[in-house]
Amino acid sequence: RQAKTPQKTAQRRRSDASEAPHCASPMALNAEQRRAFERERAAGSADDLVFLGSDALSHDGVTECLGERYDRGNIYTFIGPDVLVAVNPYKTLQKAGLSIYDLCVAKYYLSSDPVEVAPHSYAVAANAFRD
């Protein structure tokens, strides 16, 4: 097996990027895909830990909330608009047939209202970009 050099790593990244599906705009996501990356509105979903009730705002309550979100495939949870908690899933995640790190998803977060999108590293990056 050959050792990886910075040049070979850069070449691989370029070839991987060229194989990615073309995404001209965030509207390239279909309605189902856009819904998959919108905020959960279900009662008790707590995609932002700031909104946990005072009885749930404890070590056990936060851990339970993160565990429930993880079980539903939601590895990201906000704590306010600028802090994001991530739970490593140790696997590649997809929503509505897209990798959660797809270029179309990144463009969707950049063009969306931060209050309307689900927690994601792209949401925090887009918020920082806007500020």
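Let's start with Tyr101. Tyr101 is partly exposed, with a relative accessible area of 42%. Keep in mind that this is a predicted model.

Where does Tyr101 lie? Tyr101 sits in the loop between strand 4, residues 98–99, and helix 4.

The largest core has 15 residues. Which of them touch the most other members? Phe37, Ile100, Tyr108 and Tyr109 do. Strand 1 and helix 4 are the elements that give two or more residues to this core. Helix 4 gives the largest share, 4 residues. There is also a second, separate core of 5 residues. Leu49, Leu52, Cys65 and Leu66 are among them.

Cys65 and Leu66 take us to helix 3. Helix 3 runs over residues 59–71, 13 residues in total. From first C-alpha to last, helix 3 reaches 18 Å, close to the 18 Å expected at 1.5 Å a residue. Which residues of helix 3 are buried? They are Gly61, Cys65, Leu66 and Arg69. Why are they on the same side of helix 3? Because they cover an arc of only 130 degrees around the axis. The general background is simple. An α-helix has 3.6 residues a turn, so residues three or four places apart point the same way.

What do the buried residues of helix 3 pack against? Strand 1, at 76–79, and strand 2, at 83–86. The face turned away from the buried side carries exposed residues: His59, Asp60, Glu64 and Asp71. Just after helix 3 comes Gly73, with a positive phi of about 85 degrees.

Next, Ser112. Ser112 is in the loop between helix 4, residues 103–111, and helix 5, residues 121–130. Buried or exposed? Ser112 counts as buried, because its relative accessibility is 13%, and the cut-off for buried is under 20%. What does Ser112 touch, leaving aside neighbours within four places in sequence? Val117 and Arg130. A polar atom of the Ser112 side chain also lies 2.6 Å from the backbone oxygen of Tyr108. As for Ala126, it is 14 residues from Ser112 along the chain, with 8.9 Å between the C-alpha atoms.

Last stop, Asn88. Asn88 is found in the loop between strand 2 and strand 3, which covers residues 94–95. At 47% relative accessibility, Asn88 counts as partly exposed. What lies 2.9 Å from a polar atom of the Asn88 side chain? The backbone nitrogen of Tyr90. And Tyr76 is 12 residues away from Asn88 in sequence, at 9.1 Å in space, C-alpha to C-alpha.

To recap two points. The buried side of helix 3 packs against strand 1 and strand 2.

Terms used:
Residues are numbered from 1 along each chain as its sequence is written. This is a predicted model: local features need pLDDT of at least 70, side-chain atom pairs count only at pLDDT 80 or more; totals for chains, interfaces and linings use all residues. Side-chain values use heavy atoms; hydrogens and water are left out. The expected span of a helix is 1.5 Å times one less than its number of residues. Buried means under 20% relative accessible area, exposed over 50%, partly exposed in between (1.4 Å probe, protein chains only). The arc is that of the directions from the helix axis to the C-beta atoms. Contact means heavy atoms within 4.5 Å. A polar contact is a pair of N or O atoms within 3.5 Å; within protein, one must be able to donate a hydrogen and the other to accept it, and residues adjacent in sequence count only if both atoms are side-chain atoms. A nonpolar core is a set of buried Ala, Val, Leu, Ile, Met, Phe, Trp, Tyr and Cys residues joined through side-chain atoms within 4.5 Å.
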